[in-house]
Amino acid sequence: MSSDTPTSNEILLEVSGLKIEGYSEGRWHQIVKGVDFTLRRGEILGLIGESGAGKSTIGVAAMGYAKPGCRISAGSVRFDGIELTTASEEQKRQLRGARIAYVAQSAAASFNPAHKLIDQFSETVVQHGIGSREQAYADAKALYAKIRMPEPDLIGFRYPHQVSGGQLQRAMTAMALSCRPDLIIFDEPTTALDVTTQIEVLATIKDIVRQFNTAAIYITHDLAVVAQMADRIKVLRYGESVEESETRQMLDDPQQDYTKSLWAVRSFRKTEKPPLPETVPLLHIENVTASYARSLDPVLIDIDFEIHRRETVAIVGESGSGKSTTARVITGLLSPSQGRVVFDGVELPADYRNRSRAQLQQVQMIYQMADTAINPHQRIRDIIGRPLSFYLNMEGEAKKRRLRELMEMIELDPDQYLDRYPEELSGGQKQRICIARAIAAEPKLIICDEVTSALDQLVAEGILRLLDRLQQELDLAYMFITHDLATVKAIADRVVVMLQGRIVEQGAKEEIFSPPHHEYTELLLSSVPEMDPDWMQRVIEERRSKSGMESAGN
Amino acid sequence: MTTPAPPLENLPNVADTLQITRAQRILRGLWTAPLSAKLGLLIILVYVFVALFAPWIAPFGESEIVGKKYLPWGEEYFLGTDNLGRDMLTRLVYGARNTVGIALVTTVYAFVLGGTLGIIAAVLGGWIDQLLSRMVDVLMAIPALIFAMLLLSIFGTSVLSLILIIGLLDATRIFRITRAVSLNVVVMDFVEAARLRGEKLAWITLREILPSISAPLAAEFGIRFCFVFLTISALSFLGLGIQPPTADWGSMVRDTADLITFEDYTPLIPAAAIALLTIGVNFVVDWFLHQTSGLKDEL
C-alpha cells in the first residue's frame, strides 16, 4: 500500500550475486550460486527449472528469508531501497504480508483449518494496522467478487475444508492481495490442481496482478504455464542462471542447449507398430459398478472397456473421477458390487486374496510415488529379486544373471546400483527400479498409476521412452492412468475419458483428440496449457463468449 | 491422486556421498554422539560387564553369610554387611545379574508378544484388530502395579511367573505403540505391492513392515526396559518380586532400610544402582530418538 504513484519502469526488486548455502552432512553446500535479476513494478518474472534448481529458495530469499538449515551467504536483495539481507527481523516483519506476499503450492496446507477464510484474510490487514476488521471484510468481499468466486459475500464465512481446491487457491491469491502488496511470490500455485481448475486460477492471478499493477515472481516447473503468466522468463539449473529473456523471445529462440532440451521435451511420440492379430481381449472389465462401502454412493458406475495385447490404454480424468479406483478393481483390492473382470478369457476372482499366484503374476503395478512404492529398507537386489524367486522360482546363479539383465533393461549399471538402498537413488532411478520389479514378474499387463507426474519433465520423458521400448521388447499391455494429456498424446493407443465415476468417451487416440468431442473431453482438452503465450487469453475469451464457464471452478 | 510433490531429482552427488556402508555410518554416529549419550552407553556397558562376570568380580558367594549383621563399611567388607551378615558389595554385583537379567528377559518377551500382535492387528485389521485392541484395553484399564501384585499372589512369586505376568502387562503398551506405528507403514504402496504379489502374512510383517518400524521400537525398548526394571524392583521391595536368597536391588533396599535411621546410607546404594542404569538407558534412548526422528537435519 505504498502511497506514491508507481511508474511502470521503476525498479522494485534488485537481486545481485545472491548465494545461498544449505547445511547437510556436517557442512555447508552452495544451493544458489550467484543469481542476479531485477523486477520492475507491475512486471511478472517467471522462474523456471527442474526440482533442485533452487527456484523456491530464490523465491523466499526475495523476502529476505532463508529456509531452516539455509543461510544467505553472499549478495544483496534490495526491495524498494531496503537491503533485506541486512535488515532486522522487525523490519522484515513489517514488509512481509504488507508489501511482499507469498502464495504457496498447497493452499490446503497453508490455511489454518480452524478459522474462516475471511478472518484469515483480515488478520494481516489488522495486524499491520492498515485497516479495521470491517474494512477488511468489505475489501475481501469486493476482491472475491473481482476474482469471480461464487457467492462473494458469503464464501468468506466458510472454513477452508468447505470450498474446493481451486477456490481455496484463489482465496489464497485474494488473501495475498489483502494489503495491496508491491510484490507477490507465487510458488507453484497450480501444481496440485486439475487442468480445468488450473486455468481459472491462472486467469485469476494474471487478472489481479495486472489490475493492481503488482509485481510478481512466478515459480513453476511447467513451461506452458510460465508462458501464460510471465513477462520475462529466467531459466535456472543447479542454482545457477542459465538464461533470461522476454517470454516470447525465450519461447521462440532459446539460446542455451539446456533450455532447448526443456522446450523439446513434449515432442516424444511412441513407436507406432502394427496391432497384434485380434483374439480375445487381454483384459475386459465388464459393466463394473463399485463403491467403498455398501452404504455409500458408487464411485464407479458401469465401467466397461477392453485392453488388448501390446496396447496402451490411457485412463484420463481429474482427481476423483475414479481412475485409480478402476485400477483397484482390476488388481482385486476393491471388489465390485456388479460386473466382473475377465483376464485372457477367464474371470478373475473379485478379491486378490482368492487369486492364484499365476493370476497375480499377470498384472503388475507401477505407482506414482516411487519413494513409497519400494521398501526403503531393502537393497535393490532384494526388491527386484523377490518377484524372480516368488513367481519364477529363480535362485542362485540364474537369479543373479537375470538381475543383471533387468538392470541393463532399465539402463542402470548393475555393478553400481544392485547393492544400494533406495535412498541412495534419485527419483527417476527409483521409478526405474519399480519398472524393473514389475517386469521381473514377466506380466502381460502393467498398470501405471500416474508414474511420471512426480518427476521432472526431462526425467519423465526418459521413463516414457523406457516404457515404450519395453513394450516393444516384451509385448506388454499398459493401462496408463494419468491426468496429464501431454503424456496421453505421447504414449496412448486408445483413450478412456472418465468423469465422476463414469466413462464419458472412449476410442482410439486420434478419434479422441480430433473433433467432434464430448462436451467434457472438449473442456479437458482445451484446458491443457500450450506453449503459446496467447493461449490462455484466447481460451478464456472463447469460453466467456460461450458463457458456459461460470461454474467450472467449483 | 493428482498432487505431484517436487521430487529430489538431479542429485547424483548426494547418492555418491551415501556410498559409505551402514557400519561406517553407525561408527561415525557414535563418534559424533553428544556427551550424555556416550556417558549412557558407558554406564550400560559397565552394568553388562558386571552382570556377565559377577562370579569373578564379587569377593564372596551370592548368599554366603560372611560376618555379623550390619557391619560398617571397611576394608574387609567394602560396603559392609546386610541384615543377615551377607557382604553388600557381593550382593550388589549379583543383583546386577539378577535384576537386570530378569528385566531384560521380561522386556524381550513383552516385545515379542506385544510387537507381533501389534503388527498383525495393523496388517489384518477388521475384527482381529478389534478383538486384540479391546482385550488390551481391558488389561490396561486395571492399574498395572496392583494387577501385577494380584496376579503374583494368585500364581505365586517364582521368577517364571514374575516374567510372564509383568511381560504380559507391559506387552499391552507395546501392542499399542507397535500397532500405531505399523498402521503408518501398512498404508504405504510397497506393502500394497507385496500384498498384490501374493505374499503371506509372515513375509509382510517380518520383511516389509518390521524394518520400517524398528527405530521407534528400539527406542521404546529402552524406555520399556526401564519401566520393567523399576516394576520388578518395586515388587521386590514389596516382597512380591525376586525372592530371597537371590540377590536383587529392590529387596536389598528393603532389607537394609532400617539403617537409614542411623544415618547409614547403605540402602541408598542399591537404589542408586537402579537410578543410574535408568538414567543411562534414557540418555541413549534420547539420542537414538533424536537421530532417527530426523531432527538432526534441522539446525
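Me: How do the elements of chain B run from the N terminus on?
Reply: They run α-α-α-α-α-α-α-α-α-α-α-α. That comes to twelve helices and zero strands. Helices (H or I, at least four residues) and strands (E, at least two) are DSSP runs, numbered from the N terminus.

Me: What should I know about the source before going on?
Reply: This is a predicted model: local features need pLDDT of at least 70, side-chain atom pairs count only at pLDDT 80 or more, and totals for chains, interfaces and linings use all residues. Residues are numbered from 1 along each chain as its sequence is written, while chains are lettered from A and ligands numbered from 1 in the order in which they are written.

Me: How much of chain B counts as buried?
Reply: 38% of its 299 residues. Buried means 20 or more other C-beta atoms within 10 Å of the residue's own; exposed means 12 or fewer, partly exposed is in between, and C-beta atoms are placed from the backbone.

Me: And which share of chain B contacts joins residues at least 24 apart?
Reply: 66%, among contacts between residues at least 6 apart in sequence. Two residues are in contact if their C-beta atoms, placed from the backbone, lie within 7 Å.

Me: Stay in B. At what angle do α6(B) and α8(B) pack?
Reply: About 130°, with their axes 9 Å apart. Helix α6 of chain B is residues 126-141, and helix α8 of chain B is residues 159-186. That angle makes α6(B) oblique to α8(B). Axes are lines fitted to C-alpha atoms, for helices over the stretch in contact, and angles run from 0 to 180 degrees between N-to-C directions. Under 35 degrees counts as roughly parallel, over 145 as roughly antiparallel, 65 to 115 as roughly perpendicular, and the rest as oblique.

Me: Is that crossing left-handed or right-handed?
Reply: Left-handed. The near helix is then turned anticlockwise from the far one by less than a right angle; clockwise would be right-handed.

Me: Which residues meet there?
Reply: From α6(B), B:V136, B:L139 and B:M140. They meet B:L169, B:T172, B:F175 and B:R176 in α8(B).

Me: Over to chain A. How many helices and strands?
Reply: 22 helices and 20 strands. The radius of gyration is 26 Å, close to the 24 Å that the globule rule gives for 554 residues, so chain A is as compact as a globular protein of that length. The radius is taken over C-alpha atoms, and the rule is 2.2 Å times the number of residues to the power 0.38. Along its principal axes the C-alpha trace spans about 75 × 55 × 45 Å.

Me: What percentage of chain A is buried?
Reply: 46% of its residues. As for contacts between residues at least 6 apart in sequence, 69% join residues at least 24 apart.

Me: Sheets next. What is the strand order in the open sheet of six?
Reply: β6-β7-β8-β3-β9-β10 of chain A, with mixed pairing. The edge strands are β6 (100-103) and β10 (240-246) of chain A, and each pairs on one side only. The twist averages 15° from one strand to the next. Strands pair if DSSP finds at least two bridges between them.

Me: How do β6(A) and β7 of chain A run?
Reply: Parallel, joined by four bridges. A:Y102 has A:I185 in β7(A) as its bridge partner.

Me: And how do β3 and β9 of chain A run?
Reply: Also parallel, and four bridges join them. There A:L47 stands opposite A:K234 in β9(A). By contrast, β9(A) and β10(A) run antiparallel over six bridges. Those two form a hairpin with two residues between them, and A:Y238 in the turn has a positive phi of about 50°.

Me: What about the four-strand sheet's order?
Reply: β12-β11-β14-β15 of chain A, open, with antiparallel pairing. β12 (300-307) and β15 (346-347) of chain A stand at the edges with a single partner strand each, so one side of each is left without a neighbour in the sheet. Helix α11 (residues 323-331) of chain A packs on this sheet, touching β11, β12 and β14. Its direction makes about 115° with that of β11(A).

Me: Last one. What does A:L360 touch?
Reply: A:Y352, A:R355, B:L196, B:R197 and B:G198, not counting residues up to four places away in sequence. A:L360 lies in helix α12 (residues 357-362) of chain A. A:L360 is buried, with 23 other C-beta atoms within 10 Å.
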